[in-house]
Amino acid sequence: MLNTIQTKNTTRMSKHASIRAQQRGVKLSAIEVVFDYGDLETNAGSGSYKLKISRELLDSLVQTKIIGRQLAETCQRLTLVVSGKSIVTCYRARLH
């Protein structure tokens, strides 16, 4: 895929997603956790989907010491828009 950036694992981010992550202060470690472990998918249209991670799964990852509590809290509100195997963009959900 054109205009993608490969991270340390096999996560691919579009140039747009990399710019948006930097602008929004989203850390690569949080993106990788949601991309690798995300269990909540919803249709985003045009063949893309929104990927999130459930609170229960985050708690399990913390209990098994795969990730720390602070990273889990960061991942809780993070949404990735994914097309195929590439991240198109990312954003944090607002708390209300």
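The questions below concern a predicted model and ask how some of its labels follow from computed values.

Q: What makes Cys75 count as buried or exposed?
A: The relative accessible area of Cys75 is 0%, and since buried means under 20%, Cys75 is therefore called buried.

Q: Which of these labels, buried or exposed, does Cys90 receive, and why?
A: Cys90 has a relative accessible area of 0%, which is set against the cut-off of under 20% for buried, so Cys90 is classed as buried.

Q: How do you know on which side of helix α3 the buried residues Leu58, Leu61 and Val62 lie?
A: In α3, which spans residues 55–63, Leu58, Leu61 and Val62 are buried. They cover an arc of only 100° around the axis, and so they are placed on the same side of α3. In general, an α-helix has 3.6 residues a turn, so residues three or four places apart point the same way.

Q: Which exposed residues does the opposite face of α3 carry, and what covers the buried ones?
A: The face turned away from the buried side of α3 carries Glu56 and Gln63, both exposed, while the cover over the buried residues of α3 includes α2 (28–37) and α4 (69–76). Just after α3, Lys65 adopts a positive phi of about 60°.

Q: What makes β4 and β5 a pair of strands?
A: β4 and β5 (residues 78–83) are joined in the antiparallel sense over 4 bridges, and the requirement is at least two, so they count as paired. In β5, Ser83 is the bridge partner of Ser48.

Q: What is the order of the elements, and how many are helices or strands?
A: From the N terminus on, the elements run β-β-α-α-β-β-α-α-β-β, and the chain has 4 helices and 6 strands.

Conventions:
Residues numbered from 1 in each chain as written. Predicted model: local features only at pLDDT ≥ 70, side-chain atom pairs only at ≥ 80, totals over all residues. Heavy atoms only, no water. Buried < 20%, exposed > 50% of the residue type's maximum accessible area, 1.4 Å probe, protein only. Helix = DSSP H or I, 4+ residues; strand = E, 2+ residues; numbered from the N terminus. Arc of directions from axis to C-beta. Contact = heavy atoms within 4.5 Å.
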